[in-house]
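Subject: A structure for you to look at

Hello,

I am passing on the structure we talked about, and I hope you enjoy exploring it. Please open it first and then read on.

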Amino acid sequence: MNLTIDNILLIGSLLLLVSVLAGKTSYKFGVPTLLLFLIIGMLAGSDGIGGIRFDDPKLAQFIGIVSLNFILFSGGLDTNWTAVKPILREGIALSTLGVLFTAVSLGSFVWIITDFTIYESLLLGSIVSSTDAAAVFSILRSKSLALKTNLRPTLELESGSNDPMAYVLTIAFLTLVINQDQSFISIIPLFLQQMIFGGLAGILFGISSKYIINKIKLDFEGLYPVLVIALMFITFSATNFVGGNGFLAIYICAVYLGNQDLIHKKTIMKMFDGLAWLMQIVLFLTLGLLVFPSQIIPYMGIGLLISLFLIVIARPIGVFLSLIFFKMKMKRRFYISWVGLRGAVPIVFATYPLLAGIDKANMIFNIVFFISVTSILIQGTTLSIVAKWLGVGIPEKQKKLTTTDMLLAENPKAKMKEIQITSDCYAVNKKIVELGFPKNAIIAMIKRDDSYIIPNGLTKIEVKDILIVLADKPKIFDEVYKNLKSQ
């Protein structure tokens, strides 16, 4: 069956429906959700029961890049800077040095056991050197497992920020494979340019995006997420245009925005959360359609050997070497090593050699696909078990929600207070977004006369308003009073 304008919406919507229902079932049985999306795509493909013929790496790469924009941006918006700040150095070390050491150690192994050249081997190692945050945390949530101390923020930061490093390494070694006469030293300027320009662009676009979101007054609340989507793509494409790493830029931009006061921030966050899930499904379905299972079978043996080496040796080498100068319990290091899931990102990166037309492109793509699938199967189904074995997991206690719990569910805070606004308050006639409210407090509701208002960033505070404020610690209210009353 060929995809046409007439049937693409019907087929696409049916695949989405099946994927969502399969995802719901996967939580019950502990099967990694994203793996099911991939399998559904393969079953619908030309080698499967669906018979849909899709063999367009360029289109798959485009869909992959667009999807990664949404997934990385959503992950950045959800990153809590307060939680990440204490482990910032460890996270950065894992997402840079950890990725590099993993790529080099796996590449060296591939070079020894195959007929690949050293650059082709390092290219393969680079493609599978980053982890998949979406797969990790969807599995942890399905098992109702929490992680001790700062372990979860460390994994979040690494998983969200290590794709740019893997991308730079992939492009660098692909360049060396194509241009055999170039030396390894020649890719260092490219690496520095990508990371430095990407980081600076992320900060600059983050600051400017906050200004644009808060200053442009749109008539409809639903337009604000659309505005943010436009800013996201501008950040990515403009950074790439000047030679920086677009993936790094949008992640940094999103982390900055996620920790600022924005108009209709809750609407934006919810919208991007839904879009990120949609893009994950679309991405895995597309990659599943692109793969021909019959072509993978000849590489299953070598693929399994490389995958096991990555899981058992290369990933631990990357983790232990990158964290060698940090104080951390050995059990925590081992768990971080095990949480090295490979997902859709390596498969997307594997389309670059295909489009470049290098000799072993098909072999690399099929091996990478097999590595991603086995990683999700082996590590994805055992994350919660290994967490309990190593003593780094805390089972979440189930409890019935009270009315207060439900009110605090989306933004869990420990305390609630009603604060009346008097005529001498600094906040009078100020918009909420202009107050510079403490990060750990929110104005959940405003009682004005006999009515209740659910505020947003543009809501103006008036005399005699009663603010219903939520804060995670009692001492935060001291900052709230100071913010509202003093000039």
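Below is what turned up on salt bridges. Please keep in mind that this is a predicted model.

Some background first: side chains that carry opposite charges can pair when their charged atoms come close. In this structure there are four salt bridges, and I will walk you through some of them.

One of them joins the side chains of Glu120 and Lys360, with 3.6 Å from N to O. Glu120 sits in helix H6 (residues 118–127), while Lys360 is in the loop between helix H18 (351–356) and helix H19 (361–378), so this pair ties together parts that are 240 residues apart in sequence. Glu120 has 6% relative accessibility and counts as buried.

Next, have a look around Arg448.

In the pair of Arg448 and Glu462, the closest N and O atoms are 3.6 Å apart. Arg448 belongs to strand S4 (residues 441–448) and Glu462 to the loop between strand S5 (451–453) and strand S6 (466–471), so the two tie together parts that are 14 residues apart in sequence.

For Arg448 and Asp465, the closest N and O atoms are 2.7 Å apart. Asp465 is also in the loop between S5 and S6, and the pair is 17 residues apart.

Glu462, at 35%, counts as partly exposed.

Happy exploring, and write back with any questions!

Best wishes

Conventions: Residues are numbered from 1 along each chain as its sequence is written. This is a predicted model: local features need pLDDT of at least 70, side-chain atom pairs count only at pLDDT 80 or more; totals for chains, interfaces and linings use all residues. Side-chain values use heavy atoms; hydrogens and water are left out. Helices (H or I, at least four residues) and strands (E, at least two) are DSSP runs, numbered from the N terminus. Buried means under 20% relative accessible area, exposed over 50%, partly exposed in between (1.4 Å probe, protein chains only).
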